[in-house]
Amino acid sequence: MSAKDKPSSTSSAEPSSNGSPGSGRLFVISGPSGVGKGSVIIKLACRSNFHLSVSATTREPRPGEVDGVDYYFLGEDQFREWLDEGRFLEWAEFSTHLYGTPRAAVEEQLGRGIDVVLEIEVKGAMQVKQAMPDAVLIFITPPSIEELEARLAGRGDTADIARRLARAKAELELADQFDSRINNDVLAETVGEVLLLLAPEVPLND
Ligand code: 5GP
């Protein structure tokens, strides 16, 4: 997801309609790289208010990605410093790089009664469930491995498609540990299903 697509985060988010200060809900949207988590979140952001957590990563920015918007792009030493300081709610290695969710922003938003969405890989999602058992874990599945490969290729990740595909197969085996599994075949339908969990008060044909 590039900066131009990124849903606006905290400043425009209102407390959720059924939330009160201190009762924001935490949602984790996970699933294999290339499955379309980012596209789902862009569409969701048009329909519902939430704070989208900005992760830290040691990978290089893709064209159009902006530091502090798409990710905090850190050197490995700095990432490990944050790790040692306990600044991550969860973290994982993915495709030779490190990724982590900064804890402070998540806690601050939840404390203000604002729902928070994390878009992360599967091992990190499992850590969130341990740390915050009330979190709602949503697993997005691809229609097929062939379709996932095509989506990864279309995104220009050619250098590590094979690595990401191998990881995807392992991740799919953990799908049943999630609260919900949603097949991302038709994007609008996927968004509708996630919305039912995130904001059931929003009419589906809105
Ligand atoms: P990408 O390099 O394509 O942006 O992300 C690679 C994978 O890392 C994706 O599956 C993405 O969801 C995941 N990811 C992004 N941020 C985080 C994070 O903070 N923690 C974890 N565990 N995974 C993340």
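# Notebook: loop, sheet and ligand site

I began with Ser-95, which sits in the loop between β5 (88-94) and β6 (97-102). My strands (E, at least two residues) and helices (H or I, at least four) are DSSP runs, numbered from the N terminus. I am working on a predicted model, where local features need pLDDT of at least 70, side-chain atom pairs count only at pLDDT 80 or more, and totals for chains, interfaces and linings use all residues. Residues are numbered from 1 along each chain as its sequence is written, and side-chain values use heavy atoms, with hydrogens and water left out.

**Entry 1: the β5-β6 loop**

I looked up phi for Ser-95 and found a value near 50°, positive in a residue other than glycine. Thr-96 lies in the loop between β5 and β6 as well, and its phi is near 75°, again positive in a residue other than glycine. Are these residues buried or exposed? Ser-95 has a relative accessible area of 9%, so I noted it as buried. Thr-96 is partly exposed at 49%. For the record, buried means under 20% relative accessible area, exposed means over 50% and partly exposed is in between (1.4 Å probe, protein chains only).

**Entry 2: the whole protein**

I counted seven helices and nine strands in the secondary structure. Of the 206 residues, 47% count as buried. I also checked contacts, meaning heavy atoms within 4.5 Å. Among those between residues at least 6 apart in sequence, 70% join residues at least 24 apart.

**Entry 3: the sheet**

What is the strand order of the open sheet? I read it as β2-β7-β1-β8-β9, five strands with parallel pairing. β2 (51-52) and β9 stand at the edges with a single partner strand each, so one side of each has no neighbour in the sheet. Two strands pair here if DSSP finds at least two bridges between them.

Helix α4 (residues 122-131) packs on this sheet and touches β1, β7 and β8. Its direction makes about 160° with that of β1; axes are lines fitted to C-alpha atoms, for helices over the stretch in contact, with angles from 0 to 180 degrees between N-to-C directions.

Next I went through the pairs. β1 and β7 are parallel over four bridges, with Ile-29 opposite Glu-119 of β7. β1 also runs parallel to β8, joined by four bridges, and there Ser-30 has Phe-139 as its bridge partner. β8 and β9 pair in parallel over four bridges too, and Ile-138 stands opposite Ser-180 in β9.

How many residues of β1 are buried? Five of its five are. Leu-26, Val-28 and Ser-30 point one way, while Phe-27 and Ile-29 point the other way. In a regular strand the side chains alternate between the two faces of the sheet.

**Entry 4: helix α7**

I compared the length of α7 (residues 187-198) with expectation. At 1.5 Å a residue, its 12 residues should span 16 Å, and the end C-alpha atoms are 16 Å apart, which agrees. The expected span is 1.5 Å times one less than the number of residues. Its buried residues are Thr-190, Val-191, Gly-192, Val-194, Leu-195 and Leu-198. An α-helix has 3.6 residues a turn, so residues three or four places apart point the same way. The cover over these buried residues includes β1 (26-30), α1 (37-47), β7 (116-119), β8 (136-141) and β9 (180-183).

**Entry 5: around the ligand**

Which residues are closest to the ligand? Of the 17 that surround it, the closest are Ser-55, Arg-59, Tyr-71, Tyr-99 and Glu-121. A residue is near a molecule if one of its heavy atoms lies within 4 Å of it.

I then listed some polar distances. A polar side-chain atom of Glu-119 is 2.7 Å from a ligand oxygen atom, and one of Glu-121 is 2.7 Å from a ligand nitrogen atom. For Thr-101, a backbone N or O atom lies 3.4 Å from a ligand oxygen atom.

Thr-101 is found in strand β6 and is buried at 0% relative accessibility. Its side chain makes a polar contact of 2.4 Å with that of Glu-90. I take a polar contact as a pair of N or O atoms within 3.5 Å; within protein, one must be able to donate a hydrogen and the other to accept it, and residues adjacent in sequence count only if both atoms are side-chain atoms.

**Entry 6: Glu-171**

Last, I looked at Glu-171 in helix α6 (residues 161-172). Glu-171 is buried, with a relative accessible area of 3%. Leaving aside neighbours within four places in sequence, its contacts include Glu-121 and Phe-139.
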